[in-house]
Amino acid sequence: MGRYARKKQHKGDKPLKEKYRTKRKTKDHDQIHEDMKPDKAQKLLNQEIDYDRPGAGQFYCIHCAKYCINEQALKEHFRGKPHKRRIKALQVEPYTQAEADRAAGMGSYIAPKSVDVQTQDNKMQEDIG
Ligand SMILES: [Zn+2]
């Protein structure tokens, strides 16, 4: 992208309806931060075969809370923009009550830490196949 890449001019332009639509609603970022904890992530990445889910639940992206139909699709997804956007959004520590208290003058304010978020490696999935 060049230096003068197109900027989004109208951030609030989307109709409210779109913002609150629930059809494609996935998990909230704080829920995903929960899922990123190693033991939980392990479980999510090694799900039992469930034919009700896309790809039988074997190709899951933790960060987007999304199932892909096969490994190819999952890899494509990792390369895609929505995924990268999501990774970036998740790099900010989830908002906590403690932070709110600090911001309100109780204790010293500490800016939210950034979390190192990386695309999961799908070695585990390769082992299954
Ligand atoms: Zn993703």
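**Close-up views of the predicted model**

**View 1. Asn 70 and its surroundings.** Asn 70 has 14 C-beta neighbours inside 10 Å and therefore counts as partly exposed. The coordinates shown here and in the other views belong to a predicted model. Asn 70 sits in the loop that runs between E2 and H4. Once residues up to four places away in sequence are set aside, Asn 70 touches Gly 55 and Phe 59. Pro 54 is 16 residues from Asn 70 along the chain, and the C-alpha atoms of the two are 8.4 Å apart.

**View 2. Gln 72 in helix H4.** Helix H4 covers residues 71-79 and includes Gln 72. Is Gln 72 buried or exposed? Gln 72 is exposed, because 10 C-beta neighbours lie inside 10 Å and the limit for this class is 12 or fewer. Between the C-alpha atoms of Gln 72 and Phe 59 there are 9.5 Å, and the two residues are 13 apart along the chain.

**View 3. Ile 32 in helix H2.** Ile 32 belongs to helix H2, which is made of residues 29-35. Within 10 Å of Ile 32 there are 19 other C-beta atoms, so this residue is partly exposed; a buried residue would need 20 or more. Which residues does Ile 32 contact, leaving aside its neighbours within four places in sequence? They are Lys 27, Ile 62, His 63, Ala 65 and Leu 90. Cys 64 lies 32 residues from Ile 32 along the chain, with 7.8 Å between their C-alpha atoms.

**View 4. Ala 65, between the two strands E1 and E2.** The loop between E1 and strand E2 (66-67) holds Ala 65. The phi angle of Ala 65 is positive, near 50°, although the residue is not glycine. Ala 65 counts as partly exposed because it has 16 C-beta neighbours inside 10 Å.

View 5. Ala 56 is located in the loop that links helix H3 (38-45) to strand E1 (60-61). Its phi is positive, about 60°, and Ala 56 is not a glycine. There are 15 other C-beta atoms within 10 Å of Ala 56, which means that the residue is partly exposed.

**View 6. The whole protein, for orientation.** Seven helices and two strands form the secondary structure of the protein. Along the sequence they follow the pattern α-α-α-β-β-α-α-α-α. Of the 129 residues in the protein, 7% are buried. Taking contacts between residues at least 6 apart in sequence, 38% join residues at least 24 apart.

**View 7. Residues 124-129 and the confidence of the model.** For the protein, the mean pLDDT is 78, with 69% of residues reaching 70 or more. In the stretch 124-129, pLDDT falls below 50. How many contacts does this stretch have in the model, beyond near neighbours in sequence? It has seven. Coordinates predicted with low pLDDT should not be read in detail.

Definitions and conventions: Residues are numbered from 1 along each chain as its sequence is written. This is a predicted model: local features need pLDDT of at least 70, side-chain atom pairs count only at pLDDT 80 or more; totals for chains, interfaces and linings use all residues. Helices (H or I, at least four residues) and strands (E, at least two) are DSSP runs, numbered from the N terminus. Two residues are in contact if their C-beta atoms, placed from the backbone, lie within 7 Å. pLDDT is the predictor's confidence in each residue, from 0 to 100.
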